[in-house]
Amino acid sequence: MTGLLQTTIDGLLEGGSYAIVGLGLSLTFGSLRRLNLAYGATAMLAAYLGAWLHIRHQAPVWLVAVSVVVAATAIGWYVERLCFAGARDDTAPSRGAPIAGTDGREVVALASSFAIWMQLEQLAVNLLPRHLNAFPSLAASGDWALGALLIRPDRLLVALLAAALILGLAAWLERSRAGLAWRATADQRTAAHLVGMPVARLQTLAFAVACALSGVAAFAVLAIDGQVTPMFGMWVLLKGLVAAMLGGLGSVRGVLWGGLLLGVVEAHAQSLLGAQGREFATYALLFVVLVAPWRRGDRGAPLGGLRA
Amino acid sequence: MSDRIHSSTGAATGADGAFAQAVRDALCHLPGLGGAAGTHAVGLASDMAIMSLLALSAYLMLLVGRVSFGQQAFFGLGAYASGVLSAMFQVPLGLALAAGAAFGALCSWLLALPTLRLSGLHYAVATLAFGEMARIALGWWHWQRPGEDGPVGPAGIEGFRDIRWLLENDVSPAQYLGLTLLVLLGVLVLLMRAERLRLGVGLRMVGQDDTLAAAQGIAVDRLRLFAAALAGGLAALGGGLYAHRTTYIEPAVFDPMLGVHAVGYALLGGLGTALGPLLGVMLDLGLLDASRLLPGWRMVIFGGLVALFLRWRPRGLLDETLVHRIATAWRLRRGTAGTPGLAPMPSPPNLSRRKTP
């Protein structure tokens, strides 16, 4: 029983990382209706820049944190210019068929952001060619004992950070005027344009904020491990995508629940079936959620739009 | 038998362990059948032909408006199925390949059933999830039978060794290349013939606007299922050819990068004709091979080029407009009369939902 509870707690804490990683992906999708495949690579290149500062120039932790976030924003801007700028000009509602749900530009954005993913990953590897690279470590030295249960304080911190960021952002989107503008451009591009909102600028801003959040996520997750590998980009994209999909793409609070659910399912799959089973469970969960008959209602609904 | 050579020239980027690099190496330097520099061209040509089959499978899905990141699963399933048949049960190569393709088509059809009504993005993610599930499941699969040099068969993540039909039957890599090219040519001819029929036009209509296509009386679901089965069969055929070429397969080869590259080739080469994906393969593998001079930067340059390119030519190099123009110019030159593109279409069997009287 204690073991089961311990696994669940470990999963919940791990889920915090997934949620924070998925947040930016969900925001991008919500506001642009495009999936940014270069998302993981953006976070990875930013993290590599941070690690480079740390290794080569002995930069202090705060400087690394700031530069990771700034770099992620800058790289995100580049990705947006190159892959998603076409979506901005599209003030008319998409003519695409509701069943297919893809228009040509969506496919093109997928493909070109994939190409940029490869490019950014290669740049990161050129910067630091080794497989393991040191990252400023904020890992806790010991676990907190809560009765028979052990809690890792650093993971708890990341999970709390994720919850605070997500719930705070959701509240901001719901309550503030700027949040309203953001949701308006995401949900009704044409209407927002007609009432005089600078749709294109707001969407670029949304993209930049999402990328900055990916920088925050990358720093928080990597500071626990104290190292970064070339697998990080793929990890960010996949875990983030599953968390965002589970919560419903474009839903901010949903990412938190999606991330936690993924963490718990993975932790139990690992304790029952080992590392391969954990990986399998991730995809099986994703697949089942996507094709589940009880979700038949949502699938016909048009995708996109931002929900708090 | 140490015929598993990894080309070291391409891996000299210092990017050891880099995910993208590893995949590129797996893709471009698929382990060859012995020999060194001399057989390099033969090996590269075989790889390109095999990748072309996978790219054609992604192309078929794109034609019906689907981005699939899971075609590598059928490639892998076909490789395993035909490998099991030829290495464990001594089935002749042609039969093993055909059975592998049929198996891939069946699996693809089965996957298409529950995902038929998903939106484009959900479909892409669902196929990615399926591909990964298949890859992990192959890593769990242990089934061996005694062979000449010890047990033969899939051994989990250690892979499936000794698919030695070619060695046992004295087929040289060059002969095998000929066979692969012949298969590719046959597939191409069939696809290009089909595109001129109402079937091909129907597929394109479904991809452009499925509501409109349905309103025109086209059986959208049936065409999508058909395209998925055909695409799965093509990918599995490529996988079977790959398995026999390398004699060794492992689940890690069939990771999402493979499928995503296939989609990239089709999009880069163009969706206007079945020759498009081939052009994409040639550009990527050919360019990569040619640009060994800047090993660490080739992906930086190539990735940027593809992204820039896609902004101006969203349906690839050989898109429908260009293909149409070329076809028109060709016909005019040959002096064939008639208005191209407005030719009456032959009446199709079994395509309309309602039977026309």
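Helices here are DSSP runs of at least four residues, numbered from the N terminus. A:Gln188 sits in the loop between α6 (177–187) and α7 (189–194) of chain A. Keep in mind that this is a predicted model.

Buried needs 20 or more other C-beta atoms within 10 Å, and exposed needs 12 or fewer. A:Gln188 has 15, so it counts as partly exposed.

Next, confidence. The predictor gives the complex an ipTM of 0.81 and a pTM of 0.81. Chain B averages a pLDDT of 80, and 81% of its residues score at least 70. Where is chain B's confidence lowest, and where is it highest? The lowest is helix α1(B), residues 19–28, with a mean of 44. The highest is helix α4(B), residues 93–115, at 95. Two stretches of chain B have pLDDT below 50. One is residues 1–35, with 59 contacts in the model beyond near neighbours in sequence. The other is residues 338–357, with 21 such contacts. Where pLDDT is low, the predicted coordinates should not be read in detail.

Now chain B as a whole. It has 14 helices and two strands. Of its 357 residues, 49% count as buried. Take the contacts between residues at least 6 apart in sequence: 77% of them join residues at least 24 apart.

On to helix α2(B), residues 40–63. How far should its 24 residues span? At 1.5 Å a residue, the answer is 34 Å. The end C-alpha atoms are 34 Å apart, which agrees. The helix is mostly covered, with 20 of the 24 residues buried. Just after α2(B), B:Gly65 takes a positive phi of about 80°.

Last, a helix pair. Helix α7(B), residues 173–196, packs against helix α10(B), residues 220–246. The angle is about 175°, and the axes are 11 Å apart. Angles over 145 degrees count as roughly antiparallel, so α7(B) is roughly antiparallel to α10(B).

Which residues meet there? From α7(B) come B:Tyr176, B:Thr180, B:Val183 and B:Val187. From α10(B) come B:Leu234, B:Leu237, B:Leu241 and B:Arg245. By class, that contact has six nonpolar residues, one polar and one charged. As for the spacing, an α-helix has 3.6 residues a turn, so residues three or four places apart point the same way.

Note on methods:
Residues are numbered from 1 along each chain as its sequence is written. Chains are lettered from A and ligands numbered from 1 in the order in which they are written. This is a predicted model: local features need pLDDT of at least 70, side-chain atom pairs count only at pLDDT 80 or more; totals for chains, interfaces and linings use all residues. The expected span of a helix is 1.5 Å times one less than its number of residues. Axes are lines fitted to C-alpha atoms, for helices over the stretch in contact, and angles run from 0 to 180 degrees between N-to-C directions. Angles under 35 degrees count as roughly parallel, over 145 as roughly antiparallel, 65 to 115 as roughly perpendicular and the rest as oblique. Two residues are in contact if their C-beta atoms, placed from the backbone, lie within 7 Å. Ala, Val, Leu, Ile, Met, Phe, Trp, Tyr, Cys and Pro count as nonpolar, Asp, Glu, Lys and Arg as charged, and the others, Gly among them, as polar. pLDDT is the predictor's confidence in each residue, from 0 to 100.
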